[in-house]
Amino acid sequence: MPDYRFPKRDRLARKKLWEAVFRRGSRLKAYPLALYYHRTDLPEDVPVQAGFAVPSRSFRKAVDRNRLKRLMREAYRLQKPGAFNNIEGSYAFVFLYLGREIADFSEVSHAVKTLLHKFKAHEKIAET
């Protein structure tokens with residue numbers, strides 16, 4: 001049975017890891033999201049730690065930013081069990097919302113699924 005939880009140890013919380021992802025990481029895009037990722041040693045024994053960000057420049061109201069982050073977290077939580085079965089190493093992920101309007105859940109979910117497929121394809125190429 002797949003594990004659909006998203007516990008605290010799976011969240012990207014350290015400021016240095018956030019900065020490393022943006023400085024040294026790679027980027028993939030699937031509108032309205034972008035995925036920044038970086039292969040690194042994580043403080044927890046998990047394959048991936050994920051963070052979610054929405055720029056306040058695009059969405060002035062905290063209510064809107066929080067709603068979008070909740071949608072991204074939920075979409076990631078539902079896609080996570082099948083995405084990291086055979087992953088080698090550990091990664092830090094940051095999902096960044098790029099859109100200008102508030103998207104519905106189906107659009108965000110499709111973008112997360114597309115980004116995870118692109119990530120798996122890109123890392124298979126990089127590992128060989």
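1. Helices are DSSP runs (H or I, at least four residues), numbered from the N terminus.

2. A word on the basis: this is a predicted model, in which local features need pLDDT of at least 70 and side-chain atom pairs count only at pLDDT 80 or more, while totals for chains, interfaces and linings use all residues. Residues are numbered from 1 along each chain as its sequence is written, and side-chain values use heavy atoms, leaving out hydrogens and water.

3. The end C-alpha atoms of α2 are 30 Å apart, which agrees with the 32 Å that its 22 residues should span at 1.5 Å a residue. That expected span is 1.5 Å times one less than the number of residues.

4. On burial, the buried residues of α2 are R65, L68, L71, M72, A75, Y76, K80 and A83. Here buried means under 20% relative accessible area, exposed over 50%, and partly exposed in between (1.4 Å probe, protein chains only). By contrast, L78, which lies in α2, is partly exposed at 35%, and E74, also placed in α2, is partly exposed at 31%.

5. Do look at K80: its side chain makes a polar contact with the side chain of D10 (2.9 Å). Such a contact is a pair of N or O atoms within 3.5 Å; within protein, one must be able to donate a hydrogen and the other to accept it, and residues adjacent in sequence count only if both atoms are side-chain atoms. D10 sits in the segment before α1 (15-24) and is buried, with a relative accessible area of 8%.

Methods. Helix = DSSP H or I, 4+ residues; strand = E, 2+ residues; numbered from the N terminus.
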